[in-house]
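Visitor: Please show me the structure, and then I will ask about its parts.

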Amino acid sequence: MWTKSHSVVTKDVTKEQMWKLFADVNNWHTWDEGIEFAQMEGTFEKGNHFMLKPKGGPKVKVELLETVVNKSFLDVTKFPLAKMYDNHTFEETTDGLKITNTISVKGPLSFIWIKLVAQNIVNALPVDMKKQIETASKY
């Protein structure tokens, strides 16, 4: 399995603010420049899913596998012969809130999906996480 992580420690936001930001799936496009839209009906909880359309890409279904309010969530996107997992964690430390995003891809065709999708997501994480913190700080 291919896995890449990026973490940031900040005092600019709380775990509650970060949770609110992510739980509001229908507004992800307002702070993530790589997303045309994301749509979810119902609540941000395990078992639910949302549709996401990246700019320049096809719509994909993203399923929430695990949600722990104000702490973490794990989602999966299924591609032909591969799955991409996206894990977000919010951990309070003495230096501030540690925000970690981990992308993992597994399956027989994972090498294709890493090249087409996952590596681009990982490359954008430092800038994306900065934008997430800026936006969440207004909640």
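This is a predicted model: local features need pLDDT of at least 70, side-chain atom pairs count only at pLDDT 80 or more; totals for chains, interfaces and linings use all residues.

Guide: Residues are numbered from 1 along each chain as its sequence is written, and side-chain values use heavy atoms, with hydrogens and water left out.

Visitor: Which residues of helix α1 are buried?

Guide: Helices (H or I, at least four residues) and strands (E, at least two) are DSSP runs, numbered from the N terminus. Buried means under 20% relative accessible area, exposed over 50%, and partly exposed in between, with a 1.4 Å probe and protein chains only. The buried residues of α1 pack against β4, β5, β6, β7 and α2. In α1, which covers residues 15–23, the buried ones are Q17, M18, W19, L21 and F22.

Visitor: Is W19 buried or exposed?

Guide: W19 has its place in helix α1. Leaving aside neighbours within four places in sequence, W19 is in contact (heavy atoms within 4.5 Å) with residues including F44, V68, F73 and F90. The C-alpha atoms of W19 and V68 are separated by 9.6 Å, although the two are 49 residues apart along the chain. Because its relative accessible area is 8%, W19 is buried.

Visitor: How many bridges join β4 to β5?

Guide: Two strands pair if DSSP finds at least two bridges between them. β4 and β5 run antiparallel, with E66 opposite L74. Their hairpin has three residues between the strands, where N70 takes a positive phi near 65 degrees. The number of bridges joining β4 to β5 is six.

Visitor: Why is the pair of F22 and W31 edge-to-face?

Guide: Rings of Phe, Tyr and Trp (its six-membered ring) pair if their centres lie within 6.5 Å; planes under 30 degrees apart count as stacked, over 60 as edge-to-face and the rest as tilted. A search of the whole structure finds 10 aromatic pairs. The ring centres of F22 and W31 are 5.6 Å apart, and the pair is edge-to-face because the angle between the planes is 85 degrees.

Visitor: What is the distance, centre to centre, between W28 and F50?

Guide: W28 and F50 form an aromatic pair that is edge-to-face, with 75 degrees between the planes. The pair links distant parts of the chain, with W28 in the loop between α1 and β2 and F50 in strand β3, 22 residues apart. Both W28 and F50 are buried. Centre to centre, W28 and F50 are separated by 5.0 Å.

Visitor: Which residue forms a salt bridge with E92?

Guide: A salt bridge is a side-chain nitrogen of Lys or Arg within 4 Å of a carboxyl oxygen of Asp or Glu, and by this rule the count is three. E92 is exposed at 55% relative accessible area. The closest N and O atoms of the pair are 3.9 Å apart, and the partner of E92 is K15.

Visitor: Is K53 buried or exposed?

Guide: The side chains of K53 and E36 meet in a salt bridge (3.6 Å, N to O). E36 lies in strand β2 and K53 in strand β3, so the pair ties together parts that are 17 residues apart in sequence. With a relative accessible area of 19%, K53 is buried.
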